[in-house]
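Q: Hi, could you walk me through how some pieces of this fold sit together? Here it is.

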Amino acid sequence: MNNGYIKLGPFPNVWVLYEANTGTPEETWERADASLKEFLGIVARRYINYAFKTDRYLSSLSVEEGANRMGVIHFSSDNKQFRFHNFRTRQVRTKGDRSIKTTKVKQAVKTFDKYFYSVSPAEVITTDMQEMSRCTLLATTLRSRLANKILEVVKGNMDYVIANWESIGGAMEAAGVLHPTKMEEIRQQKGEAATTTDLANTYRANVGYNVLLHGGYYYVNDRRTQLTERYERDALPDNIKRGVGLLKMVPDDTFIAGVGVRRRDYSFYVLGEEQ
């Protein structure tokens with residue numbers, strides 16, 4: 001017995017995985033398909049230094065030379081098909097399962113002769129390079145997953161990130177991963193966002209006044225009471241007059257902290273708080 005394998009058939013280099021409930025090696029060989037027997041009868045004798053290891057179903061042959069695993073041969077007794085698969089067949093077959101198939105024993109032997117032979121150092125290096133490429137691709141994939149997970153956490157805690165941006169951004173700036181100019185831009189946008197958010201929250205809370213300039217009159221809607229009154233300019237309450245005066249000096253859609261919003265040159269939202 002060799003690492004759980006016992007010899008199969010009349011060959012010293014063909015082995016089957018031993019399981020007590022599957023019968024003797026002789027019984028296993030007896031029920032083997034004739035095509036598989038014919039194939040092994042040729043290649044096992046021709047390549048006496050190779051080891052052919054199969055499972056108890058005789059559906060998969062691992063071909064080895066010492067510690068080197070040269071590839072695998074799958075055999076289906078249903079359709080008598082051989083499927084040869086190793087790194088050489090993958091270079092020929094670039095699509096599908098990348099194996100070479102045949103149902104003819106003679107062609108199977110020719111395929112084996114062509115693709116299953118001792119591996120040269122150059123081929124070992126090539127195989128290792130291919131495996132390394134897959135490893136680097138995996139590393140890239142894992143990093144991308146990590147980045148997406150971190151982004152998900154940041155998005156779910158955006159209020160915390162914004163509130164603590166000075167410390168978070170400051171650490172990134174100190175580490176040299178955030179340019180000072182970009183840090184200043186974010187700082188300014190953070191201030192603008194805070195202003196607009198505060199005013200939006202105040203508006204939604206029905207605090208302040210909507211002011212409409214129309215036909216020389218100011219129509220003032222108290223958001224708390226929903227009452228609208230008409231004023232001439234000089235008659236406007238001082239707190240509203242101050243707010244409208246400041247908003248008239250800025251472009252449309254401008255938010256001013258503690259004052260209000262200019263929508264158009266005739267439409268304003270004013271906090272109207274007494275100073």
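Q: What stands opposite Gly-260 in E13?
A: Gly-260 has Val-270 opposite it in E13. This is a predicted model, where local features need pLDDT of at least 70, side-chain atom pairs count only at pLDDT 80 or more, and totals for chains, interfaces and linings use all residues. Numbering starts from 1 along each chain as its sequence is written, and side-chain values use heavy atoms, with hydrogens and water left out.

Q: How many bridges join E12 to E13?
A: 4 bridges join strand E12 (residues 260-264) to E13, and the two run antiparallel. Strands here are DSSP runs of at least two residues, helices (H or I) of at least four, numbered from the N terminus; strands pair if DSSP finds at least two bridges between them. E12 and E13 form a hairpin with 2 residues between them.

Q: And which residue in E13 partners Val-211?
A: Phe-268 is the bridge partner of Val-211. Strand E8 (residues 209-214) runs antiparallel to E13 (residues 267-270), with 4 bridges joining them.

Q: Switching to helices: at what angle do H7 and H8 pack?
A: Helix H7 (residues 165-174) and helix H8 (residues 180-204) pack at about 170°, with axes 10 Å apart. Axes are lines fitted to C-alpha atoms, for helices over the stretch in contact, and angles run from 0 to 180 degrees between N-to-C directions. H7 and H8 are therefore roughly antiparallel (over 145 degrees; under 35 is roughly parallel, 65 to 115 roughly perpendicular, the rest oblique).

Q: Which H7 residues meet H8?
A: Among them are Trp-165 and Glu-166, while Pro-180 and Met-183 are among those in H8; contact means heavy atoms within 4.5 Å.
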